[in-house]
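Here is a short tour of one protein structure, taken one feature at a time. Have the sequence and the picture open as you read.

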Amino acid sequence: WSPDGGWVAVAARASGVVLFNMNQPSYLACNRQEEESHESQRATMEPSERLAMPDLDADAEVQGSVVECCAYSPDGKLLITGGKGPSELSEVLFWELASGMCIDRFDFQGNGVCSVAFSPDGTWASSCHAGGELSLRLWDVLGVSNGRQSQDHWCIYLDPQVGTICSSSSFSPCATRIAATLSTGFLHVRRVVGDLEITSGQYEDVSRIRGTHVFPPVHAHPGVAANACAYSPDGKWIVTTGADNLLRLWCSRNGEALG
């Protein structure tokens, strides 16, 4: 949803990003359909707009891009999308919604983007990646808007196991910390600002690496993947879910489990 509730953005895979205008009832129709000898009412919507994948490289087959996730900025002016590019590279794009234009696009090694998010104050965006050691990336939104993203792109090194998937991330309400879940079942909570944490290996496409631990990684869902996480509105708790069908609650200050 857009912050004002007027639009819904859908990551429609090969169809790009589809926008639905919720303020125009003409786009909402109800159809009746027979289902196992009883009638049910199904709501269907026609898209109001589509964001076309940009052709920034004349030689690239842009139609090959797949959009897996999207998120609105808190002010409703920007949209971030993530997925796989035409060259099988991970792809993150920033869109200006007033013009419908892609204002920046980034391609890098990986197996796609699982989820994207903006911080509550709109200063940061995150993208979670499938595969590779650098599985969580931070984006300075002001840097994107001013065209200086190459100086304001950070990666947070989460797990040395190649192939680990970062499934989701969530910023704290004050936007100074970020929680992330991994396919190995772990929950990481890192500082968005503060001291740099230099890890082994150098990466040509990364300006800086930051994200010191708030507390050591927690094995939130042993033996299965941790699928999602979210901060509570007051920032005191983090909730996680996993492939074990459990919902667990953690203290955001020290990582202790509730119950």
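Which strand is the place of Ser169?

## Starting with a serine

Ser169 sits in strand β14, the stretch covering residues 166–171. Before going further, keep in mind that this is a predicted model. So is Ser169 buried or exposed? Ser169 has a relative accessibility of 11%, and since buried means under 20%, Ser169 counts as buried.

What does Ser169 touch, if you skip its neighbours within four places in sequence? The contacts are Ser115, Ala117, Ser126, Cys128, Leu136, Ile178, Ala179, Ala180 and Cys229. One of these, Ser126, is also joined to Ser169 by a polar contact between the two side chains, at 2.8 Å.

## Rings that meet

Now for the aromatic side chains. The structure holds 3 aromatic pairs. Take Phe94 and Phe106: their ring centres are 6.4 Å apart and their planes stand at 85°, so this pair is edge-to-face. The cut-off at work here is that planes over 60 degrees apart count as edge-to-face. Phe94 belongs to strand β8 (residues 90–96) and Phe106 to strand β9 (residues 101–108), and the pair links distant parts of the chain, 12 residues apart. Phe94 counts as buried, at 0% relative accessibility, and Phe106 is buried too, with a relative accessible area of 16%.

Phe106 has another ring partner, Trp139: these two form a tilted pair, 4.8 Å from centre to centre with 35° between the planes. Phe106 is in strand β9 while Trp139 is in strand β12 (residues 136–140), so this pair ties together parts that are 33 residues apart in sequence. Trp139 counts as buried, with a relative accessibility of 0%.

How many salt bridges does the structure hold? There are 3 salt bridges. In one of them, the side chains of Arg13 and Glu68 meet at 2.6 Å, N to O. Arg13 lies in the loop between β1 (7–11) and β2 (17–21), whereas Glu68 lies in strand β6 (residues 66–72), so the bridge ties together parts that are 55 residues apart in sequence. Arg13 is partly exposed, with a relative accessible area of 46%, and Glu68 is partly exposed as well, at 38%.

Next, look at Glu91 and Arg105, a salt bridge whose closest N and O atoms are 2.8 Å apart. Glu91 is in strand β8 and Arg105 in strand β9, and the pair links distant parts of the chain, 14 residues apart. Both Glu91 and Arg105 are buried, with Arg105 at 14% relative accessibility. Arg105 also forms a salt bridge with Asp107, where the closest N and O atoms are 3.7 Å apart. Asp107 is partly exposed, having a relative accessible area of 38%.

Let's finish with a sheet. In what order do the 3 strands of the open sheet run? The order is β19-β20-β21, and the pairing is antiparallel. At the edges stand β19 (226–231) and β21 (247–251), each with a single partner strand, so one side of each is left without a neighbour in the sheet. On average, neighbouring strands here are turned by 25° against each other, ignoring direction.

Zoom in on β19 and β20 (residues 237–242), which pair in the antiparallel sense over 5 bridges. You can follow the pairing residue by residue: Tyr231 stands opposite Ile238 in β20, and Ala226 has Gly242 in β20 as its bridge partner. What do β19 and β20 form, with 5 residues between them? The answer is a hairpin, and Gly235 in its turn has a positive phi of about 80°.

Terms used: Residues are numbered from 1 along each chain as its sequence is written. This is a predicted model: local features need pLDDT of at least 70, side-chain atom pairs count only at pLDDT 80 or more; totals for chains, interfaces and linings use all residues. Side-chain values use heavy atoms; hydrogens and water are left out. Rings of Phe, Tyr and Trp (its six-membered ring) pair if their centres lie within 6.5 Å; planes under 30 degrees apart count as stacked, over 60 as edge-to-face and the rest as tilted. Helices (H or I, at least four residues) and strands (E, at least two) are DSSP runs, numbered from the N terminus. Buried means under 20% relative accessible area, exposed over 50%, partly exposed in between (1.4 Å probe, protein chains only). Two strands pair if DSSP finds at least two bridges between them. Axes are lines fitted to C-alpha atoms, for helices over the stretch in contact, and angles run from 0 to 180 degrees between N-to-C directions. A polar contact is a pair of N or O atoms within 3.5 Å; within protein, one must be able to donate a hydrogen and the other to accept it, and residues adjacent in sequence count only if both atoms are side-chain atoms. Contact means heavy atoms within 4.5 Å. A salt bridge is a side-chain nitrogen of Lys or Arg within 4 Å of a carboxyl oxygen of Asp or Glu.
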